[in-house]
Structures are given as structure tokens and as C-alpha cells.
Amino acid sequence: MLKTLAGKHRSTVTKMARKYKTVIGTPDGPRTCFQVTVPRDRGRKPLVARFGGIPLRRQRAAALTDMSPIMASTKRNELIHRLLARRCELCESTNRLEVHHLRKLADLNRRDRPDKPAWVHLMAKRRRKTLVICRNCHEDIHAGRTRTSTRN
């Protein structure tokens, strides 16, 4: 922290430590810390930022209460929702689903392919590199065969 402040103010760490060093009173006695106080107008309380000053003495009578971990997010991403739909995104079949994946979205807009198949249009419209499809549609894509039915 002091090194960051010294760099910001183009000063030295020693000068910053000397400038912001403060002794505060705690229930365990006086403690040394670094403190910055910003006075404010119109009778408002000053802003105080303090680093340190915490007694590091072990509290033998302290009660530890471990809480169970909470999942950060229960929200699923779009691909998981598409997989849980259990439908082929091309023919709406429900058996043997797989995910077709492209290396990058730029592969969809290749110039050497004048008439783009329906699956290319679907992926380009969604701007997604993945497509949840049945095994038959996946084999057709890799074999270069086109399907007529698509779902938007």
C-alpha cells in the first residue's frame, strides 16, 4: 500500500509512512496504523480510511461459526439451457443429441462457400460457435449434406 502511494505521489515509501502513521486507541491499548482523514464541509463527518490498528492477539473465547458455502450464481449459461431443452436445433429430434462446435465465428463467413447451408445461417444469426443437434444432423454437417428443415 505504501509503495503504491509513494509511486502515485512520486515520493518514497519512508516519507509516506511518516506522513500517514497514526496511533489510535483500542480496547487492547494504543495501536499503530496508517490513516488518512479527509475533512468535509457543511458539518458532515470527515472520511477516514485506516489500514492496520487491529489487535492480533488470539481470542480464546471466540466462537467460530462456519457457514455452508453459497453458490455464487444459480443462473446457467445459454448452452446449458439449450442442452436441457433436449431437442435438435435443426430437425427438433430428441434422440442422441450432440454439440457441433466451430473453431471461430469467422469460419461461418468463408468466401469459398457461395450457398450456405441452413445450419451456417442459424449459427451466424445467433452468433454462437455451438449448435445442439442430433447425431444424424451432425453426420450430415460433416459429410456436407444439407437439410431442408430448420428452426429459427
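Arginine 86 lies in the loop between H3 and S4. Helices here are DSSP runs of H or I of at least four residues, strands are E runs of at least two, and both are numbered from the N terminus. The model is predicted, so local features need pLDDT of at least 70, side-chain atom pairs count only at pLDDT 80 or more, and totals for chains, interfaces and linings use all residues. Residues are numbered from 1 along each chain as its sequence is written, and side-chain values use heavy atoms, with hydrogens and water left out.

Arginine 86 is not a glycine, yet its phi is positive, about 55 degrees. Most residues other than glycine have a negative phi. Arginine 86 counts as exposed, at 55% relative accessibility. The accessibility classes use a 1.4 Å probe and protein chains only: buried is under 20% relative accessible area, exposed is over 50%, and partly exposed is in between. Arginine 96 is also placed in the loop between H3 and S4. Its phi is positive too, near 50 degrees. At 58% relative accessibility, arginine 96 counts as exposed.

## Salt bridges

The whole structure holds 9 salt bridges. Each one puts a side-chain nitrogen of Lys or Arg within 4 Å of a carboxyl oxygen of Asp or Glu. Side chains of opposite charge can pair when their charged atoms come close. Glutamate 78 and arginine 128 meet in one of these bridges, at 2.6 Å, N to O. This pair links distant parts of the chain: glutamate 78 is in helix H3, arginine 128 is in the loop between H4 and S5, and they are 50 residues apart. Glutamate 78 is partly exposed at 36%. Arginine 128 is partly exposed at 35%.

Arginine 82 pairs with glutamate 89, with the closest N and O atoms 2.7 Å apart. Both arginine 82 and glutamate 89 are buried. A network of salt bridges links Glu78, Arg82, Glu89, Arg126 and Arg128. Another salt bridge joins arginine 42 to aspartate 41, with the closest N and O atoms 3.9 Å apart. Arginine 42 is exposed at 72%. Aspartate 41 is partly exposed at 45%.

## Nonpolar cores

A nonpolar core is a set of buried Ala, Val, Leu, Ile, Met, Phe, Trp, Tyr and Cys residues joined through side-chain atoms within 4.5 Å. The largest has 13 residues, of which Leu90, Trp119, Leu131 and Ile133 touch the most other members. H4, S5 and H5 each supply at least two residues of this core. H4 gives the most, with 4 residues. Another core, of 5 residues, lies apart from it and includes Leu2, Met16, Ala17 and Tyr20. In soluble globular proteins, nonpolar side chains tend to be buried together.

## Helix H5

Helix H5 spans residues 135-143, and its buried residues are Cys137, His138, Asp140 and Ile141. They cover an arc of only 160 degrees around the axis, which puts them on the same side of H5. That arc is taken from the directions from the helix axis to the C-beta atoms. An α-helix has 3.6 residues a turn, so residues three or four places apart point the same way.

The buried residues of H5 pack against strand S4 (97-101), helix H4 (118-126) and strand S5 (130-134). Contact means heavy atoms within 4.5 Å. Glycine 144 follows H5, and its phi is positive, near 85 degrees.

## The S1–S2 pair

Strands S1 (residues 21-26) and S2 (residues 29-38) run antiparallel and are joined by 6 bridges. Two strands pair if DSSP finds at least two bridges between them. A hairpin through 2 residues joins S1 to S2. Threonine 22 stands opposite cysteine 33 in S2.

Glutamine 35 lies in strand S2. Glutamine 35 is buried, with a relative accessible area of 17%. Not counting residues up to four places away in sequence, it touches Tyr20, Thr22, Ile24, Val48, Ala49 and Arg50. The side chains of glutamine 35 and threonine 37 form a polar contact of 3.4 Å. A polar contact is a pair of N or O atoms within 3.5 Å; within protein, one must be able to donate a hydrogen and the other to accept it, and residues adjacent in sequence count only if both atoms are side-chain atoms.

## Isoleucine 54

Isoleucine 54 lies in the loop between strand S3 (47-52) and helix H3 (78-84). Isoleucine 54 is exposed, with a relative accessible area of 61%. Isoleucine 54 and leucine 2 are 52 residues apart in sequence and 18 Å apart in space, C-alpha to C-alpha.
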